[in-house]
Amino acid sequence: MKRHPPSPQPSPARAGEGSEFMPMKGLPTLKWNRFEIAFWLIPIAAFFLFPRYLTLGSQILIAGLFALSLDLILGYARIISLGHAAFFGLGAYTAGLLAKHGFGEPLSGLFAAAAVAAVAGWITSFLIVRGQDLTRLMVTLGIGLMLFETANQASSITGGVDGLSGVEMKKIFGVFGFGLDGKTAYLYSLAVLFIVFNATRALVRSPFGLSLRGIREGERRMPAIGASVRHKLVAVYTIGAGIAGIAGALLAQTTQFVGIDVFGFQRSAELMIMLVLGGTGYLYGGLIGAAVFMILQDYLANLNPVYWQFWLGLLLVLIVLFARGGLMGGFIALQHRLWRPSR
């Protein structure tokens, strides 16, 4: 009797494959599972359990959205960037300048910031997609530095090193105003993050998202099946820039101030750290990495304002050594072991 070889075991979910939390067979689906539902219940519960930390919470949500934008271009299209703060800063200044000059309606500010950042991303994408990893690092870093210096020199418009003040936001839908308690800012940031995340989740699970995964795994093979690699990279880079612009606009609107550091290299570097902590190519990795980074930063800085970076650096080393793919990669690998079907 002819023996058939054993069927291969399913591998942990990666970008565009099944669920972000559990491996699934077949094509990706938009159906939510219990782990994803539980994940989004956490920030809702935090609103009621930690009312004194809502300001920090809104900053975590904004950082998570910013990390999501980088994960889209790095984790799914393998475009390395050290100047992603350029689009974050453009979004922040767009929303801030609009509000300062009397156009402080929050939602229109978000759309305007996304449009400006997306246009900037589209213009610069033709330089980005032409090069390889090292070239992309240098070009993106150079773009960020140029915008930083431009904002510094145009102090009459941006406020220079003193920052852009006088940002006055109107009430959301004419009802919900931004107060000192941070409640409106938190719920507003959470709502925007949830909407953008779901749109991004649908995007990476679409045929376009699957083609991005193919480019990531074998860029030179994709033209053989008729896929335009350059056009898809330009598209995803433009979308990622637009999402970063939304994150920057959220920061400007919730803090009602825009500092020149929104263009700074440190912000791009911290963003990369968040993504390394959480794991690239999972979408949820950026959100988790942002939360872990900012909570640890706040906690360790209060413990020791001088040496807190040492412990954060140690955590990074441990993550790289023992959790392949960041926290999300380690979590999925653990789930794969626990839910591995028996032979």
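Helices here are DSSP runs of H or I with at least four residues, strands are E runs of at least two, and numbering goes from the N terminus.

A word on what you're looking at: this is a predicted model, where local features need pLDDT of at least 70 and side-chain atom pairs count only at pLDDT 80 or more, while totals for chains, interfaces and linings use all residues. Residues are numbered from 1 along each chain as its sequence is written, and side-chain values use heavy atoms, with hydrogens and water left out.

Back to our two helices. The axes of α10 and α11 come within 7 Å, and they cross at roughly 115°. An axis is a line fitted to C-alpha atoms, for helices over the stretch in contact, with angles from 0 to 180 degrees between N-to-C directions. Who makes the contact, meaning heavy atoms within 4.5 Å? From α10 it's Glu 270, Ile 273, Met 274, Leu 275, Leu 277 and Gly 278. On the α11 side you'll find Gly 285, Gly 286, Gly 289, Ala 290, Val 292, Phe 293, Met 294 and Gln 297. Sorted by class, the contact of α10 with α11 has 8 nonpolar, 5 polar and 1 charged residues. For the classes, Ala, Val, Leu, Ile, Met, Phe, Trp, Tyr, Cys and Pro are nonpolar, Asp, Glu, Lys and Arg are charged, and the others, Gly among them, are polar.

Between α10 (265–278) and α11 (284–303) there's a loop, and Leu 283 sits in that loop. Its phi is near 70°, which is a positive value in a residue other than glycine. Is Leu 283 buried or exposed? Leu 283 counts as buried, because its relative accessibility is 0%. The cut-offs are under 20% relative accessible area for buried, over 50% for exposed and partly exposed in between, with a 1.4 Å probe and protein chains only.

Phe 173 also has a positive phi without being glycine, near 60°. You'll find Phe 173 in the loop between α6 (155–158) and α7 (183–204). Phe 173 counts as exposed, since its relative accessibility is 62%.

Let's zoom out for a moment. The protein chain has 13 helices and 0 strands. Of its 343 residues, 48% are buried. And if you take contacts between residues at least 6 apart in sequence, 78% of them join residues at least 24 apart.

Now α3 and its partner. The axes of α3 and helix α4 (residues 106–128) come within 8 Å and cross at roughly 145°. Here too the crossing is right-handed. Phe 87, Leu 90, Gly 91, Thr 94, Ala 95 and Leu 98 are what α3 brings to this contact. From α4, they meet Gly 109, Ala 112, Ala 113, Val 116, Ala 117, Ala 120, Gly 121 and Thr 124. That gives 9 nonpolar, 5 polar and no charged residues for α3 with α4.

His 84 belongs to the loop between α2 (54–74) and α3. With 1% relative accessibility, His 84 counts as buried. What does His 84 touch, leaving aside its neighbours within four places in sequence? The answer is Phe 66, Ser 69, Leu 70, Ile 73, Gly 240, Ala 241, Ala 244, Ser 268 and Leu 271.

On to the rings. The whole structure holds 15 aromatic pairs. A pair means rings of Phe, Tyr or Trp (its six-membered ring) with centres within 6.5 Å; planes under 30 degrees apart are stacked, over 60 edge-to-face and the rest tilted. Phe 47 is buried at 15% relative accessibility, whereas Phe 48 is exposed at 62%.

Phe 87 and Tyr 237 are edge-to-face as well, with 5.7 Å between centres and 85° between planes. Phe 87 lies in helix α3 (residues 85–100) and Tyr 237 in helix α9 (residues 229–255), so this pair ties together parts that are 150 residues apart in sequence. Phe 87 is buried, with a relative accessible area of 2%, and Tyr 237 is buried at 2% too. Elsewhere, ring pairs link Trp 32, Phe 39, Trp 40, Phe 194, Phe 197 and Tyr 284 into a cluster.

One last stop: Arg 213, which is in helix α8 (residues 207–218). Arg 213 is partly exposed, with a relative accessible area of 26%. The C-alpha atoms of Arg 213 and Ala 77 are separated by 6.8 Å, though these residues are 136 residues apart along the chain.

Methods. Contact means heavy atoms within 4.5 Å. A crossing is left-handed if the near helix is turned anticlockwise from the far one by less than a right angle, and right-handed if clockwise.
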